[in-house]
Amino acid sequence: MTDLALIFGAALAAAGGVGLLGAGVLRLLRGRSITVHVTVLLAMTVGAVVAGVAVIAEAMFLSPHDLEVVLITVSAAALVSLAVGWLFARRLASAAVWAAQARARERRIEKGRRDLVAWVSHDLRTPLAGLRAMAEALEDRVVADPDTVDEYHRRIRVETDRMTRLVDDLFELSRINAGALRLSLSAVPLGDVVSDALAGTAPLAAARRIRLVSAASGWPTVTASEPELSRVVGNLLLNAVRYTPADGTVRVNAGRDGDVAWLAVADTCGGIPEADLPRLFDVAFRGEPARTPHTGNGPLAGSGGLGLAIVRGLVEAHGGRVDVHNVAEGCRFVVRLPLATG
């Protein structure tokens with residue numbers, strides 16, 4: 001019994017020394033990754049076992065050959081344990097990072113949902129209140145002269161069109177987020193799509209004295225779904241016109257880069273704060289108040305902050321990407337899409 005107690009005490013002392021050393025190392029590495037901590041912890045455990053076995057084997061006066069066999073056996077087991085432990089530590093660290101990223105992404109999505117509900121509620125409540133007031137005025141014959149009646153009818157139509165666009169944007173965004181978007185891909189001449197989008201934006205640009213400039217040639221053919229691509233180009237042009245001051249310029253051009261086609265829409269909005277660039281394509285993000293266009297109840301009001309989010313969703317559904325960066329007088333959006341083969 002006394003021999004067993006001595007063996008236990010010697011092994012405990014050896015293992016305790018290794019444990020204290022490992023605790024000191026962990027304290028020094030307390031700011032490092034999970035992989036490092038788990039690896040050190042496992043090495044400390046295996047080291048404690050090896051130290052205990054080595055001390056007891058030495059105290060038992062084993063022959064050099066037997067001592068060597070014991071140490072080789074323990075070392076082989078220690079190497080396997082360390083290798084397996086390091087592998088699972090990496091997996092544990094990756095899982096922890098993934099879980100943290102998933103939680104952060106879920107918080108961003110939830111915040112986006114709350115912001116979207118708040119923005120849409122505001123953008124629907126304001127025109128609905130105006131529509132109700134104008135309808136009651138017409139119904140009660142508070143206004144009777146033809147010019148005022150015509151103006152009320154025009155404003156009712158404008159507000160109705162704006163709410164229709166907002167509902168269309170919500171429907172498109174819901175399709176993208178739900179994965180229900182189905183694209184009918186074909187070879188689409190990018191120049192034709194841009195030409196149609198420019199024609200649709202021209203009246204709005206003319207009303208704000210904004211020049212629309214496009215390249216005369218060099219338009220590639222891309223693999224895309226034409227309705228969704230038209231929506232992308234139209235949203236980018238509308239966004240550029242909304243934020244470009246009067247007498248500004250919106251420029252559109254395109255080109256090829258290897259097997260990728262690119263489309264660029266540049267404006268003279270004065271630039272975007274660097275802190276806002278990563279969030280520009282988030283749902284319901286409108287930037288700082290200084291960049292929000294104040295146009296009353298006109299056709300530029302009430303975008304809901306959905307246009308650029310839809311652009312990103314549609315572009316990514318095509319297997320492309322969209323980026324934005326500041327240039328000399330404003331900002332430049334660049335869409336990259338696969339070139340049409342053949």
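At 30% relative accessibility, Asp323 counts as partly exposed, a label for anything between buried (under 20% relative accessible area) and exposed (over 50%), worked out with a 1.4 Å probe on protein chains only. Before going further, note that this is a predicted model, where local features need pLDDT of at least 70, side-chain atom pairs count only at pLDDT 80 or more, and totals for chains, interfaces and linings use all residues. Residues are numbered from 1 along each chain as its sequence is written, and side-chain values use heavy atoms, with hydrogens and water left out.

Back to Asp323. Its side chain meets that of Arg321 in a salt bridge, 3.3 Å from N to O; the term calls for a side-chain nitrogen of Lys or Arg within 4 Å of a carboxyl oxygen of Asp or Glu. Arg321 is partly exposed too, at 47% relative accessibility. Arg336 joins in as well: salt bridges with shared partners put Arg321, Asp323 and Arg336 into one network.

Now zoom out. The protein chain has seven helices and seven strands, where helices (H or I, at least four residues) and strands (E, at least two) are DSSP runs numbered from the N terminus. Walk along the sequence and the pattern reads α-α-α-α-β-α-β-β-α-β-β-α-β-β. There are 342 residues in the protein chain, and 35% of them count as buried.

Start in helix H1, which spans residues 2-28 and holds Gly17. Gly17 is partly exposed, with a relative accessible area of 36%. Its C-alpha atom is separated by 10.0 Å from that of Gly47, a residue 30 positions away along the chain.

Patches take residues with over 30% relative accessible area and no salt bridge, joining like charges within 9 Å and nonpolar side chains (Val, Leu, Ile, Met, Phe, Trp, Tyr) within 5 Å. The areas come from the Shrake-Rupley method with a 1.4 Å probe, and for residues only the protein chains shown count as cover. One patch is nonpolar: Val80, Val84, Leu87 and Phe88 make about 370 Å² of surface. Leu87 lies in helix H3 and is partly exposed at 45% relative accessibility. The other patch is one of positive charge, where Arg103, Arg105, Arg107 and Arg108 gather on the surface. For the bookkeeping, Lys and Arg are positive, Asp and Glu negative, and His and the chain ends are not counted. Each charge is placed at NZ of Lys, CZ of Arg, CG of Asp or CD of Glu. Arg103 belongs to helix H3, residues 64-139, and has a relative accessible area of 48%, which makes it partly exposed.

Most residues other than glycine have a negative phi. Arg141, however, has a positive phi, near 55 degrees. You'll find Arg141 in the loop between H3 and helix H4 (146-178), exposed with a relative accessible area of 69%. Arg209 likewise has a positive phi near 55 degrees, and sits in the loop between helix H5 (190-207) and strand S2 (211-214).

That brings us back to salt bridges, of which the structure holds six. Arg209 meets Asp247 in one of them, at 3.1 Å from N to O. This pair links distant parts of the chain, since Asp247 is in the loop between helix H6 (226-243) and strand S4 (249-257), 38 residues from Arg209. Arg209 is exposed at 51% relative accessibility, and Asp247 is exposed at 57%.

Finally, the aromatics. A search of the whole structure turns up one aromatic pair. The ring centres of Phe281 and Phe333 are 6.0 Å apart and the planes stand at 90 degrees, so the pair is edge-to-face. Here, rings of Phe, Tyr and Trp (its six-membered ring) pair if their centres lie within 6.5 Å, with planes under 30 degrees apart called stacked, over 60 edge-to-face and the rest tilted. Phe281 lies in the loop between strand S5 (260-266) and helix H7 (307-317), and Phe333 in strand S7 (residues 331-338), so the pair ties together parts 52 residues apart in sequence. Both Phe281 and Phe333 are buried.
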